[in-house]
Amino acid sequence: MLLNIAYALVGGFLLGCVACCKNVVASRALGGEPNPQGECRLAVVIATKNEEKVIENTIRTLLTDAPPSLRTIVVDKSTDQTPAILERLSTEFANLIWLRHEGPPGKPAALNIALEHVTEDVVLFLDADARLGWASVTHYMRAFCRSKIQAVFANFGCYNTKRTLAVVLHDVYFSFAKAFVFSGLFSKPVFMTSGFFVRREVLDIVGRFDTATVVDDFDLYLRMGKAGIRATFLHGPECEIQYAFRMKEMLRQHCRWDAGWIGHLYEQIRRGRIQYVPVLGAVGLLVFFPYLLLILAFALPSPFLVTTVLPVSIAAAYGAALCAYLFYGAHNLKEALFHIVLGMFLVFILLQLTIVISSIKAFRKRQSWYKATRERA
């Protein structure tokens, strides 16, 4: 059995290598000759609400070295000092346009307002806490030199100054997501809307954001998938964001994400789109496979599931997660050792907990929005 576990560990690690290499190869393959129709024009869209701690840093990082042609459209619905900061910055950067959000509440509604003012060829969605400089923007914009590229999801990482347990665990969570969810190794690649580049014509095809959703990125993902449009995750310069730095906030944030996308799938199934039933089933199988194997082991007379299948499966998953973490998330030796011994198991338990809670919350007709506390940038 030990030999089987060793084989599974190595096999999982190699699978992680394949997933990570897929992202690297995609980045190298998206170059090419300049578009004969000329360079693509870009507009940046940001929705803000009470972001006084981070918004100035976000705008300065983006626009300090950017050409005047890069328009940044910010739609704001704040009650703190964010409007005053935006007003001051708009006098310094002529290409910064900020609008008061007077319509329905919520980020999707703010994004819809911003898109009404976009005339450029490509839209870059950024969250209010994101740091992406002009040099990094141009790196990803090169992907649009080839007309077949419709959407690009930029690599990302955190810039939290506090390396708390929540921040450290996020490194494992997101490194695994980059390798196996965003890469599209097993299914259509998922993406987030911060650091997301998409052609304006794609947004015209798929329609406006659903103002009732709390997961605008998953809503856009489903509509793009229905239209046969895929996004490509690229391994390149990081779009730096903030992770939740308290465990309670991390749990609440992940429950909002999970309840949002699970609720979306519930709604699609309710409308008769049964193709999403296997998706929910596959997620449940992957997340809860240790318990499912134990249940089967009690139901069957053979101990094979517990003595062989379960430890081999865990070893394979551990090897895959370890490879992804070492490639995408490792910061220092101390944190790496922590994750090798304990961190990856804690993240797996956290994922199971949030899926259970979110599956129940997803039945609510109206999901609640939750934003983690920001560190001052």
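Strands E5 (residues 151–158) and E6 run antiparallel and are joined by three bridges. Strands pair if DSSP finds at least two bridges between them. Helices (H or I, at least four residues) and strands (E, at least two) are DSSP runs, numbered from the N terminus.

The model is predicted: local features need pLDDT of at least 70, side-chain atom pairs count only at pLDDT 80 or more, and totals for chains, interfaces and linings use all residues. Residues are numbered from 1 along each chain as its sequence is written, and side-chain values use heavy atoms, with hydrogens and water left out.

**The strands around E6**

E6 also pairs with strand E4 (residues 122–126). Four bridges join these two, again in an antiparallel arrangement. Which E6 residue is the bridge partner of Leu-124? The partner is Phe-197. Val-152 is likewise bridged to Phe-197 in E6.

E6 covers residues 196–199. Phe-196 and Val-198 point one way from the strand. Phe-197 and Arg-199 point the other way. All four are buried. Here buried means under 20% relative accessible area, exposed means over 50%, and partly exposed lies in between (1.4 Å probe, protein chains only).

**Nonpolar cores**

A nonpolar core is a set of buried Ala, Val, Leu, Ile, Met, Phe, Trp, Tyr and Cys residues joined through side-chain atoms within 4.5 Å. The largest core has 90 residues. Which of them touch the most other members? They are Ile-59, Phe-125, Leu-126, Phe-156, Phe-196, Phe-197 and Met-224.

Phe-125 has contacts (heavy atoms within 4.5 Å) with several residues, among them Val-45, Leu-111, Leu-115, Phe-196, Val-198, Leu-203 and Phe-209, not counting residues up to four places away in sequence. A second, separate core holds 14 residues, including Ala-166, Val-172, Ala-321 and Met-344.

**Helix H8**

Is helix H8 (residues 216–226) largely enclosed or open? Nine of its 11 residues are buried, so the rest of the structure largely encloses H8. The buried residues run through Asp-216, Asp-217, Phe-218, Asp-219, Leu-220, Tyr-221, Leu-222, Arg-223 and Met-224. They pack against helix H4 (107–115), E5, E6, helix H7 (200–206) and helix H9 (247–270). Just after H8, Gly-228 has a positive phi of about 75°.

**Salt bridges**

Side chains of opposite charge can pair when their charged atoms come close. A salt bridge here is a side-chain nitrogen of Lys or Arg within 4 Å of a carboxyl oxygen of Asp or Glu. The structure has 18 of them.

Glu-92 and Arg-60 form one, at 2.8 Å from N to O. This pair links distant parts of the chain: Glu-92 sits in helix H3 (residues 82–92) and Arg-60 in helix H2 (residues 55–63), 32 residues apart.

Asp-216 forms a salt bridge with Lys-107, and their closest N and O atoms are 3.8 Å apart. Asp-216 lies in H8 and Lys-107 in H4, so the pair ties together parts 109 residues apart in sequence.

Arg-208 and Glu-116 meet in another, at 3.4 Å from N to O. Arg-208 is in the loop between H7 and H8, and Glu-116 is in the loop between H4 and E4, so this pair ties together parts 92 residues apart in sequence. Are Arg-208 and Glu-116 buried or exposed? Both are exposed. Elsewhere, salt bridges with shared partners join Glu-56, Arg-60, Arg-88 and Glu-92 into one network.

Cys-255 is in helix H9. Its contacts are Thr-354, Ile-357, Ser-358 and Lys-361, not counting residues up to four places away in sequence. The C-alpha atoms of Cys-255 and Ser-359 are 9.1 Å apart, though the two residues are 104 residues apart along the chain.

A nonpolar surface patch of about 790 Å² includes Leu-165, Met-247, Leu-333, Leu-337 and Ile-349. Its largest share, seven residues, comes from helix H12 (residues 333–361). Leu-333 lies in that helix. Patches use residues with over 30% relative accessible area and no salt bridge: like charges are joined within 9 Å, nonpolar side chains (Val, Leu, Ile, Met, Phe, Trp, Tyr) within 5 Å. Areas come from the Shrake-Rupley method with a 1.4 Å probe; for residues, only the protein chains shown count as cover.

**Accessibility of selected residues**

| Residue | Relative accessible area | State |
|---|---|---|
| Leu-333 | 63% | exposed |
| Glu-92 | 44% | partly exposed |
| Arg-60 | 28% | partly exposed |
| Lys-107 | 18% | buried |
| Cys-255 | 4% | buried |
| Asp-216 | 3% | buried |
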